[in-house]
Amino acid sequence: AAVGVELDPVAVALGAAWMPPAPARAGQVRVISGADARSLLRSAPRDLDFLILDAYTRQFEIPPHLVTREFFAETARHLRQGGVLAINVGTRTSPREPSGLLARLAASLRPAYGEEFRMHRVPRSRNWVVFARLGQPLAAPARLGDLIPGGWPREIGAALLPGQTVDAAAVGAGPAFTDDVNPLVLLQAKAWLGGGN
């Protein structure tokens, strides 16, 4: 079973109307609306296999309270050993750029996940998916390629190619985002004005 969290109840209603679940999945996915992901996480079980963070404000910016060192420590407390956190991030910066969003996100992840994370660029988009695994190494991209079922979009396989993945060791060393010091909104405003990110 899975639980989805959506802040906007209208989005839940539109999803139900336009993207009804397949009959085999009906009842397996519960959606909670009107709740913020971080506040709801505090009441989640502490043995989750997988957490997916795909939260955006105005379809562009990830909310600042969902990229901090403290938030990632909370996610780690709710994952079982070997559990995976996946984060969808929209940015134009490279993970190798020390002052960029992805390097700062990596610095925020490291206290909870160490070097057990990898970034995958989504082809033909400005998105990256960051995978972090609690206490165990991530599977090699070549191994993941073997597991992709036939008929899936080729972008999934392309995101596993060597030029599309960046291991933790290759990510720039930027300062972490924290609950107290978080210039994410400024970085995102800079991106809107054409200065990167």
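Which residue is the bridge partner of L51 in β4? The partner is L85, and this pairing is a way into a predicted model whose local features need pLDDT of at least 70, whose side-chain atom pairs count only at pLDDT 80 or more, and whose totals for chains, interfaces and linings use all residues. Residues are numbered from 1 along each chain as its sequence is written, and side-chain values use heavy atoms, with hydrogens and water left out.

**Overall make-up**

- The protein has seven helices and seven strands, where helices (H or I, at least four residues) and strands (E, at least two) are DSSP runs numbered from the N terminus.
- Read from the N terminus on, the elements follow the order β-α-β-α-β-α-β-α-β-β-α-α-β-α.
- Of the 197 residues of the protein, 37% count as buried, a word that stands for under 20% relative accessible area, while exposed stands for over 50% and partly exposed for what lies in between (1.4 Å probe, protein chains only).
- Among contacts (heavy atoms within 4.5 Å) between residues at least 6 apart in sequence, 71% join residues at least 24 apart.

- Five strands form an open sheet with mixed pairing, in the order β3-β4-β6-β5-β7; two strands pair if DSSP finds at least two bridges between them.
- The edges are taken by β3 (48-53) and β7 (165-167), each with a single partner strand, so one side of each is left without a neighbour in the sheet.
- From one strand to the next the twist averages 15°, with axes taken as lines fitted to C-alpha atoms, for helices over the stretch in contact, and angles running from 0 to 180 degrees between N-to-C directions.
- β3 and β4 run parallel and are joined by five bridges, whereas β4 and β6 pair in the antiparallel sense over seven bridges, with V129 in β6 as the bridge partner of N88.
- Strand β5 (residues 117-121) and strand β6 (residues 127-133) also pair in the antiparallel sense, over five bridges, and R118 has F131 in β6 as its bridge partner.
- In β4, 10 of the 12 residues are buried, so this strand is largely enclosed by the rest of the structure.

**Helices on the sheet**

- Helix α3 (residues 69-78) packs on the sheet, where it touches β3 and β4 (79-90), and its direction makes about 140° with that of β4.
- The buried residues of α3 are F71, F72, E74, T75, A76 and H78, and they pack against α2 (37-41), β3, β4 and α4.
- Helix α4 (residues 101-113) lies across β4, β5 and β6, and runs at about 170° to β4.

**The nonpolar core**

- A nonpolar core is a set of buried Ala, Val, Leu, Ile, Met, Phe, Trp, Tyr and Cys residues joined through side-chain atoms within 4.5 Å; of the 33 residues in the largest one, L85, I87, L109 and Y113 touch the most other members.
- The elements that give two or more residues to this core are β3, α3, β4, α4, β5, β6 and α7 (184-192), and the largest share, seven residues, comes from α4.
- Leaving aside its neighbours within four places in sequence, I87 is in contact with L53, I62, F72, L105, L109, W128, V129 and V130.

**The aromatic pair**

- The structure holds one aromatic pair: the rings of F71 and F72 have centres 5.6 Å apart and planes at 55°, so the pair is tilted.
- Rings of Phe, Tyr and Trp (its six-membered ring) pair if their centres lie within 6.5 Å, and planes under 30 degrees apart count as stacked, over 60 as edge-to-face and the rest as tilted.
- F71 is buried with a relative accessible area of 4%, and F72 also counts as buried, at 0% relative accessibility.

**Two loop residues**

- R124 is found in the loop between β5 and β6 and counts as exposed at 68% relative accessibility; its phi is near 60°, a positive value in a residue other than glycine.
- Most residues other than glycine have a negative phi.
- A170 is found in the loop between β7 and α7, and it counts as partly exposed at 32% relative accessibility.
- A170 and M119 are 51 residues apart in sequence and 10.0 Å apart in space, C-alpha to C-alpha.
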